[in-house]
Amino acid sequence: MTDTATPSPSIPARPDGQAVVVGGNRIPFAKAGGHYAGATSLDMLTTTIDGLVARFGLAGERLGEVRAGAVLNHSKDFNLAREAVLGSALDPTTPAVTLQRACATSLEAAWDVANKITLGQLDVAVAAGVDSTSDAPIVVGERLRKVLLKLNRAKTPMDRVRLLGQLRPADLAPVAPNVNEPRTGLSMGEHQALTNLAWGVTREGQDEVALASHRNLAAAWEDGLFDTLVTPYRGLTRDAALRPDTTAEALAGLRTVFGNDQSNPTMTAGNSTPLSDGAAAVLVASPAWAAANGHTPLARIVDAEAAAVDFVRGEEGLLMGGAYAVPRLLARQGLALEDIDLVEIHEAFAGVVVATLAAWASEEFAQQQLGLPALGTLDPARLNVAGSSLAAGHPFGATGARILATLATLLHRRRLADPSRERPFRGVISVCAAGGQAVAMLLEA
Amino acid sequence: MVTIPAPLRGVQRQIASTLTKALGLTEPVQLRRTDPDSVDVPLVAGPVLVVGDAAPGEGGGDGSGEVAGVVSTLRSWGCDVREWSPETGAPSEQRWGAVVVVLTGLTAPDQAAAPVLALGSVLRDLARCARVVVISRLPSDATRARVDGTDDASRRDDRAGDGEVSPAEAAARAGVEGLVRSLGKELRAGATANGIQLADGVDVLAPAAVGTLRFLLSARSAFVDGQLVPVTGDGEAPADWARPLAGKVAVVTGAARGIGAETVRVLVRDGALVLGVDVPAAGEALARTMNAVGGVALQLDITAPDAAERILEAIGRGPFRGRLDVLVHNAGILRDKLLANMTPAQWESVVAVNLAAQLAITAGLAEAAPGLVQVSLASTSGIAGNRGQTNYGFSKAGVIGATQAWAVLLGEGGGRANAVAPGFIETEMTASIPAVQREISRRVSSLGQGGKPVDVGEAVAFLASPQAGGINGQVLRVCGQNLVGR
């Protein structure tokens with residue numbers, strides 16, 4: 001392709017070395033047990049893809065790939081991405097892959113499809129993610145599970161009765177779902193409390209990040225930024241966690257929830273992300289596909305970098321991967337922090353943002369841990385300018401795609417406002433993830 | 001629609017039949033509607049009888065020649081056509097699917113008797129959901145002068161040659177209006193009576209004339225009854241009568257659900273590519289509607305100052321590639337309240353959405369697409385008024401005024417503006433009306449029932465089509481000949 005007038009998504013373009021974000025769609029993020037309590041991950045993901053399809057007139061089209069995942073995976077949701085495609089308005093011959101990299105799942109998905117597009121293997125794809133903490137899978141006790149499996153194989157009613165007779169009331173109690181780190185047994189919040197201690201992160205510093213998140217997200221909603229990025233779902237039209245009227249005093253008054261065994265706990269429900277339900281998707285394409293289909297790219301996906309840290313032996317904080325991934329990414333691209341117009345640091349906890357910024361600014365950290373010069377101090381006016389997870393909510397798998405679509409739109413707006421600026425408008429994303437991981441991505445418009 | 005709980009359905013039926021008897025109405029029949037997979041097949045419910053005004057009129061055209069033209073056009077559409085003649089009368093023992101009465105040659109009231117009585121002689125033999133269509137001439141040239149922005153001087157000169165319409169001729173022509181409206185109230189079993197009023201100079205075989213005839217004969221006009229459609233220009237015959245909007249780009253506001261969603265489906269069925277617009281809060285339904293037809297969804301509050309700009313931006317990309325042919329102003333809101341109790345917000349929001357936003361958007365779009373064809377949703381409330389709807393009535397009567405003004409302005413660029421005025425249509429909105437009141441509203445029409453959103457969509461799609469090119473500045477009611485208003 002693509003000199004012909006009729007675009008043919010089935011025949012990818014020859015490699016042209018670029019992948020662009022064409023647009024995005026998500027549903028408003030809900031609080032756990034709230035608006036989406038009765039919705040499955042599959043339904044949320046399907047609806048989110050359908051919203052994207054409607055926005056770009058892709059009904060009945062065959063895309064190169066849909067790559068999507070969730071963190072809290074039901075066994076019934078095996079092949080989640082493909083099932084979502086089959087339930088969507090896309091052509092059922094669109095292939096799909098289900099993947100998972102904890103909270104960086106959908107950013108990882110976008111990285112993957114961008115690479116395939118850059119290589120010319122695909123010309124258009126959807127990267128997406130979803131999570132429902134309301135509809136979290138319940139794990140049953142080992143004894144009950146084994147009996148149930150045997151029950152399934154039992155041939156006679158008597159066999160079944162005998163098997164059921166082996167069960168004790170205690171066996172019926174479900175194992176509470178949790179996202180604790182399997183190797184440390186600590187929750188993410190407890191891990192972050194340790195990191196906050198190590199980096200001297202204050203309550204004030206965290207509450208400041210939380211307040212800015214709510215204010216910026218509320219302003220972005222008022223500004224209509226999300227008219228082109230969000231499709232309502234089940235009657236919810238805005239992110240349910242957003243508190244436009246919250247104040248520093250209100251945040252300061254909250255009791256602490258993590259690190260309470262420390263002498264001076266700092267983490268509250270206000271500066272930690274709420275458990276959330278939601279889904280987000282991004283349309284990534286080659287510039288040729290975008291042109292052939294009449295779409296103006298929002299931003300180019302330039303590069304990405306993953307990092308992992310050894311949190312198990314306490315060498316580094318669980319959620320500090322972004323302190324490594326971003327400096328390495330910028331160093332590879334020969335860029336300094338002042339070359340970056342907008343920075344998105346996923347607010348898993350406000351402490352992650354504060355500690356990551358502190359690490360970027362630290363010469364000692366840069367030399368000892370990275371062997372690179374320090375990035376320096378980030379101007380807060382460039383950080384999470386349209387709010388982030390603290391205010392929007394954080395359905396694990398959906399967060400990367402949410403941030404990617406939002407940042408691409410923000411960069412595109414800046415480009416439209418200043419078309420003559422010679423150097424590109426650049427943005428960088430840092431998303432930390434369970435298991436001590438992180439993914440960073442660089443965009444430009 | 002709200003589903004009525006089973007125990008109440010009997011009660012509802014009882015209310016319905018009591019009202020039917022009290023009002024002297026008949027039980028409504030299920031109307032014949034178009035199968036989306038085979039549009040206009042069959043076009044009519046049985047054979048078509050064509051009745052002419054026989055003798056060539058003194059100042060009008062050759063009546064017999066026009067009848068022959070109508071007959072051959074109908075035959076070209078696959079209709080089984082029979083002709084009435086003064087000598088042989090009508091062929092007997094038929095269940096007529098339609099009767100077309102050509103009265104374009106009338107120059108005096110006494111000439112109407114023979115063809116009208118011929119029509120009367122076959123009314124007992126109409127098939128279910130039959131059509132009576134009377135083709136006549138506009139009583140005066142006034143409509144033409146008003147809506148034809150070009151104000152064609154040469155055409156006026158031609159008219160001068162024929163002389164002005166004489167009082168007798170005007171009387172005969174105007175008489176047809178009363179005939180059609182009264183006949184509509186006599187017909188039973190889903191049959192409708194409508195008229196086409198050709199301006200002088202518009203041939204009975206002009207695409208706009210036969211295009212309107214085809215619409216009124218078809219199942220697409222199921223809920224159009226007792227209406228007279230003035231045709232003042234020639235229009236264009238579509239390449240495919242079943243897909244007249246092929247390749248056209250249409251913008252529909254309020255597209256998420258109800259009449260808007262149904263209009264989107266009909267426009268797409270007729271070949272159009274559609275950009276559906278609705279408020280961000282309706283985004284989920286909008287996405288569903290647009291995905292079902294392969295259209296594009298634009299979440300936009302039409303009262304936003306940059307609404308026109310954002311519609312143009314959306315039209316500039318994706319499958320539309322900057323093309324814009326049709327604009328359907330469907331979005332509207334209700335804030336019913338007696339005027340004595342009305343808050344400023346209830347008045348202002350209705351006027352802002354139903355009227356001011358339309359004006360601003362058309363102004364913005366017409367600049368980019370001078371040949372824009374606009375269809376706006378008015379309402380019988382805007383024509384006849386409705387208690388508790390001073391705000392809504394103001395806005396919808398305003399839509400009619402805007403339509404007539406836009407007709408002139410858009411006409412200059414080759415475009416048009418028309419309105420559709422729905423009567424009682426079965427939607428989520430009307431389902432919320434109390435049962436007795438709702439039943440009365442349904443029954444006070446000649447068809448004795450409410451219409452469906454698709455009926456409005458069909459009328460919108462017809463007015464958007466090239467064959468409606470001769471219709472400009474008009475209001476087409478889709479009301480089953482509701483008893484209120486004209």
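Of the 445 residues in chain A, 58% count as buried. Keep in mind that this is a predicted model, so every value here is computed from it.

Let's stay with chain A for a moment. It is built with 14 helices and 14 strands. Its radius of gyration is 22 Å, close to the 22 Å that the globule rule gives for 445 residues, so chain A is as compact as a globular protein of that length. If you look at contacts between residues at least 6 apart in sequence, 80% of them join residues at least 24 apart. Here are some overall values for the chain:

| Property of chain A | Value |
|---|---|
| Span of the C-alpha trace along its principal axes | about 80 × 60 × 45 Å |
| Accessible surface | about 17,700 Å² |
| Part of that surface on carbon and sulfur atoms | 53% |

Now over to chain B. Here six strands make an open, parallel sheet, and reading across it you get β2-β1-β3-β4-β5-β6. Strands β2 (81–83) and β6 (228–231) of chain B are at the edges with a single partner strand each, so one side of each has no neighbour in the sheet. On average, neighbouring strands of this sheet are turned by 20 degrees against each other, direction ignored.

Zoom in on one pair: β4 (residues 126–137) and β5 (residues 192–198) of chain B run parallel and share seven bridges. Within this pair, B:Arg131 sits opposite B:Thr192 in β5(B).

What packs on the sheet, touching β3, β4, β5 and β6 of chain B? That's helix α7 (residues 207–217) of chain B, with a direction at about 175 degrees to that of β5(B). Helix α3 (residues 113–122) of chain B lies across β1 (48–52), β3 (96–102) and β4 of chain B, at about 175 degrees to β3(B).

Conventions. Residues numbered from 1 in each chain as written. Chains lettered and ligands numbered in written order. Predicted model: local features only at pLDDT ≥ 70, side-chain atom pairs only at ≥ 80, totals over all residues. Heavy atoms only, no water. Pairing = 2+ DSSP bridges. Helix = DSSP H or I, 4+ residues; strand = E, 2+ residues; numbered from the N terminus. Axes fitted to C-alpha atoms, helices over the stretch in contact; angles between N-to-C directions. Contact = heavy atoms within 4.5 Å. Rg over C-alpha atoms; globule rule 2.2 N^0.38 Å. Buried < 20%, exposed > 50% of the residue type's maximum accessible area, 1.4 Å probe, protein only. Areas by Shrake-Rupley, 256 points an atom, 1.4 Å probe, with all protein chains shown as cover.
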